[in-house]
Amino acid sequence: ACPHASLPHVTACCADDAAILALSISRSIASGYMTGDVACWDVAYGAAEEILGLQEGAALVGAITSVVRAIRCERQGDWSFMPATCCRLTPDEQDLVAAFACGRRQDAGGVAARAARLARCPSAPRLSRAIMHAALTIERAKDSIRMPARDRRPAGAPGGASASRSHRTRR
């Protein structure tokens with residue numbers, strides 16, 4: 001049995017393929033920071049470029065990288081995240097996905113509240129700005145996302161991604 005079965009499933013928290021892609025990219029970038037291995041960043045760029053094309057893919061990874069950098073700068077304490085292919089979300093990832101959703105709706109107040117919660121501080125202006133920029137980039141890219149059918153299956157389903165252990169990254 002999966003030790004993370006009590007955590008929500010990606011499909012319960014991510015409204016569409018664009019949200020799933022953004023989560024996966026953020027996980028890869030955070031993994032790169034945690035391990036110091038550039039291969040994690042290459043995975044993020046490779047996946048985004050394959051799905052969106054070179055220009056849009058690179059723009060999305062760049063925007064999400066600025067979000068992860070802002071989390072590392074403004075967050076009080078560790079940030080918990082799952083591997084890129086995991087089907088479950090940590091509470092921190094749930095906050096990030098919710099912040100992206102607010103940004104995609106252009107709800108600046110919602111983004112500010114979610115960013116502060118994610119950063120565990122009264123306000124997180126850098127993170128709020130980064131989330132708004134990334135959310136606009138996600139929204140612009142959403143119509144270009146053409147994930148292969150095997151990638152659309154919920155993680156954990158036959159042929160889908162599997163659950164894994166969570167990771168923590170320090171500021």
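How many helices and strands does the secondary structure of the chain comprise? In this predicted model, the chain has eight helices and two strands. Their order along the sequence is α-α-α-α-β-α-α-α-α-β.

**Confidence**

The chain has a mean pLDDT of 86, with 84% of its residues at 70 or more. Residues 150–166 have a pLDDT below 50, and beyond near neighbours in sequence this stretch has 36 contacts in the model.

**Burial, contacts and surface**

The chain contains 171 residues, of which 46% count as buried. Among contacts with a separation of 6 or more, 73% are made by residues 24 or more positions apart. The accessible surface of the chain is about 8200 Å², and carbon and sulfur atoms contribute 52% of this area.

**Helix H4 and its cover**

Helix H4 spans residues 54–74 and has 21 residues. From its first C-alpha to its last, H4 reaches 30 Å, close to the 30 Å expected at 1.5 Å a residue. The buried residues of H4 are Gly57, Leu60, Val61, Ala63, Ile64, Thr65, Val67, Val68, Ala70, Ile71 and Glu74. The elements listed below are included in what covers these buried residues.

| Element covering H4 | Residues |
|---|---|
| Helix H2 | 17–35 |
| Helix H3 | 38–52 |
| Strand S1 | 79–81 |
| Helix H5 | 91–104 |
| Helix H6 | 108–119 |
| Helix H7 | 125–141 |

Technical notes
Residues numbered from 1 in each chain as written. Predicted model: local features only at pLDDT ≥ 70, side-chain atom pairs only at ≥ 80, totals over all residues. Heavy atoms only, no water. pLDDT = per-residue confidence, 0-100. Contact = heavy atoms within 4.5 Å. Helix = DSSP H or I, 4+ residues; strand = E, 2+ residues; numbered from the N terminus. Buried < 20%, exposed > 50% of the residue type's maximum accessible area, 1.4 Å probe, protein only. Areas by Shrake-Rupley, 256 points an atom, 1.4 Å probe, with all protein chains shown as cover. Expected span 1.5 Å × (residues − 1).
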